[in-house]
Amino acid sequence: AAAEKIFGTSVWALRLPAVLAGLLTVLGSYLLVRSLFNSWEIAALSAFFLSVSSWHIIYSRLGISAVFAPLLLTWGAFFFWHALSRGQTITFVLGGISVGLGMYSSSALALTPLLFLVTALVYRQAIKRDFTHTRYLTSRIQMLKGLGWFFFALFAVASPLVAQLAQSSADAAWWFSDISLPFTGWNVSLLFWPVQVLAAVGFIRSIVKFFKSRFAHVHFSTVHTFLLFWFLTTLGPALTTGNAALLWQLAVLPVLCVFAAEGLWWLANVAEDWYHARDVHLLCAPGEPGKPRRHALCARESVAVVATVLILLLGSLTITEYNRYFFQWASNTNVTRLFPSNTAQVLETIRRTPDSIIKYIVVPTAAAGQDPFLAAQPIMFLTQTSTPEQQKAKNLSYLTREQYEGRQYRRGAFVIPLE
């Protein structure tokens, strides 16, 4: 809404917030993972995988509202985790507000309250076991108070959405079904296959640590409970409804990047230890003239070799994702069909035309199985004509190419082709 007030009914009002959302998701991912693992290396790798993900870039560019789901969930998770360890009420409230707002952008967040509830329960068991009795009682009171504020803020923000869905079955159906993948013909995975392998390694390690903590400390690992339930709750709506479309999978993308980062860092450490056990040489930079060689900068040869391999791997992933975005996706014929080049001109025409004039927008022919009006969604969003009531109020309707050729529109109306 703020962008629309600044830029008016233009493409900038749609795309700029999404671009900022994509950038802030990367920042939030780094801060969250660093607080979870207390490791800047895993946090940096996670942020890297997310930042070069071609799908994350695509949706950040297109301005589809689903890109706000990973943003608000990531920051909500960061605030929640930060508050959980420090007992700050205001941070709990910020976390609840973030997650509540995220539900407006995607139904993939419908089950995420379970994520925070289960994490809080596991955290309670952890502090009961690890803290002194007095400290445990104090921390438990702070946690319960903060948790109450978290869920109060979450449901207070999300309650208008819940009320609307309860009153209108059509809105509820749209909320759960308007998630189809708009790129038929370019069906590629959410992650490039080497990142998938790393994410699988990290996922398995999380499961192992989840149960290992139970046997070693008599409570489950809070960190890995959090990550595993993030994975399950964001994929839960897709699994229960049988619709695993990519717009829903965007909410799980940040945690997949965390798994990939954890897997890669673990493999790097294993490789470094294995190499060092077989070659203990040091690599030293030349010392300064006149100073003993012991003052020269030295590192284990194994560290240098593994670091070089990591740099080459991350560089190759960057090149591959660049190719997926700029060549494979951009050259796909469905992209030009779904994202017309004259969207900005059509928006300007609508803005200058009074609401009293009857207007029709002719959308391009969609691929089989796709929403026939998918290409017009940016215009529907910016002109607030997504529902039949809104379209009637502004005298703006949408026609498929077949309806236009069949002359299924009022004679003398203003017809605007979207192409």
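Biologist: What should I know about the model before we start?

Modeller: It's a predicted model, where local features need pLDDT of at least 70, side-chain atom pairs count only at pLDDT 80 or more, and totals for chains, interfaces and linings use all residues. Residues are numbered from 1 along each chain as its sequence is written, and side-chain values use heavy atoms, with hydrogens and water left out.

Biologist: How many helices and strands are there in the protein?

Modeller: 19 helices and five strands. Those are DSSP runs numbered from the N terminus, helices being H or I with at least four residues and strands E with at least two.

Biologist: And how much of the protein counts as buried?

Modeller: 46% of the 419 residues. Buried means under 20% relative accessible area, exposed is over 50% and partly exposed is in between, using a 1.4 Å probe and protein chains only.

Biologist: OK, helices. At what angle do helix 10 and helix 13 pack?

Modeller: About 85°, with the axes 6 Å apart. Axes are lines fitted to C-alpha atoms, for helices over the stretch in contact, and angles run from 0 to 180 degrees between N-to-C directions. That makes helix 10 roughly perpendicular to helix 13; the cut-offs are under 35 degrees for roughly parallel, over 145 for roughly antiparallel, 65 to 115 for roughly perpendicular, and oblique for the rest.

Biologist: Which residues of helix 10 make the contact?

Modeller: Among them are Val195, Leu198 and Phe203 of helix 10, which meet a set from helix 13 including Leu256 and Trp266. Contact means heavy atoms within 4.5 Å.

Biologist: And where does helix 3 come in, at what angle to helix 13?

Modeller: Their axes come within 8 Å and cross at roughly 130°. That makes helix 3 oblique to helix 13.

Biologist: Switching topic: is Ser98 buried or exposed?

Modeller: Ser98 counts as buried because its relative accessibility is 9%. This serine sits in helix 6, residues 89–105, and its side chain reaches the backbone oxygen of Leu94 at 2.9 Å. Leaving aside neighbours within four places in sequence, Ser98 is in contact with Leu72, Trp75, Gly76 and Phe79.

Biologist: Last one: where is Lys128?

Modeller: Lys128 is in helix 7, residues 112–130, and is partly exposed at 47% relative accessible area. Its C-alpha atom is 9.4 Å from that of His219, 91 residues apart along the chain.

Notes. Polar contact = N/O pair within 3.5 Å; in protein donor to acceptor, adjacent residues only side chain to side chain.
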